[in-house]
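Please open the model in a viewer and keep the selection panel at hand. The stops below proceed from the sheet to the helices and then to the loops.

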Amino acid sequence: MGKYVINKTATGYTFGLKAANGETIATGGEVYSSLESVRNGVKSVETNAPAAAVEDQTVEGYRTAKNPKFEIYSDKAGEFRFRLKAKNGQVIAVSEGYTSKANCKNGIESVKKNSVNSPVIEPAE
């Protein structure tokens, strides 16, 4: 089972979703202003990730998927990344860079699997 880890930063709060092996598989798409808002970000990932379609933007003529969706794209360094968009089109989670598309797709599957019913670890205040 994975877990969400909320961190306090100098400017607000962030979160990461970690797989059972401790590897971070996705991070929140923004810095949140309050603990309540970062909790809502976590809930949004938990709600949207399991049923999200996958849109592979690295393929010419790709079909646009409806939100919620994972978008696979290639960054400036030539690595594959994904971003999870909520039903309203807002980016709610992003990935690290992957050297292969297969690994990127595995990351998406891991987010789908680990995003639901995972504990949330909050910072000590």
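The tour that follows states at each stop what to select and what is found there.

This is a predicted model, in which local features need pLDDT of at least 70 and side-chain atom pairs count only at pLDDT 80 or more, while totals for chains, interfaces and linings use all residues. Residues are numbered from 1 along each chain as its sequence is written, and side-chain values use heavy atoms, with hydrogens and water left out.

Select the eight strands, which form an open sheet of mixed pairing in the order 4-5-6-7-3-2-1-8. Strand 4 and strand 8 are the edge strands, each pairing on one side only. Helices (H or I, at least four residues) and strands (E, at least two) are DSSP runs numbered from the N terminus, and two strands pair if DSSP finds at least two bridges between them.

Axes here are lines fitted to C-alpha atoms, for helices over the stretch in contact, and angles run from 0 to 180 degrees between N-to-C directions. Next select helix 2, which lies across strand 2, strand 3, strand 4, strand 5 and strand 6 and runs at about 30 degrees to strand 6.

**Strand 1 and its partners**

Select residues 3-8 and 13-18: strand 1 and strand 2 pair in the antiparallel sense over six bridges. Within strand 2, K18 stands opposite K3. Four residues separate the two strands in this hairpin, where G12 takes a positive phi near 155 degrees.

**Strand 3 and strand 7**

Move to residues 24-28 and 91-94, where strand 3 and strand 7 run antiparallel and are joined by two bridges. T27 has V94 of strand 7 opposite.

**Two loops**

Select N67 and P68, whose connecting peptide bond is cis, with omega near 0 degrees. P68 is placed in the loop between strand 4 (53-56) and strand 5 (69-74).

Finish at N117, in the loop between helix 2 (101-114) and strand 8. Its phi is near 60 degrees, a positive value in a residue other than glycine. Is N117 buried or exposed? N117 is exposed, with a relative accessible area of 60%; buried means under 20%, exposed over 50% and partly exposed in between, with a 1.4 Å probe and protein chains only.

Note on methods:
Contact = heavy atoms within 4.5 Å.
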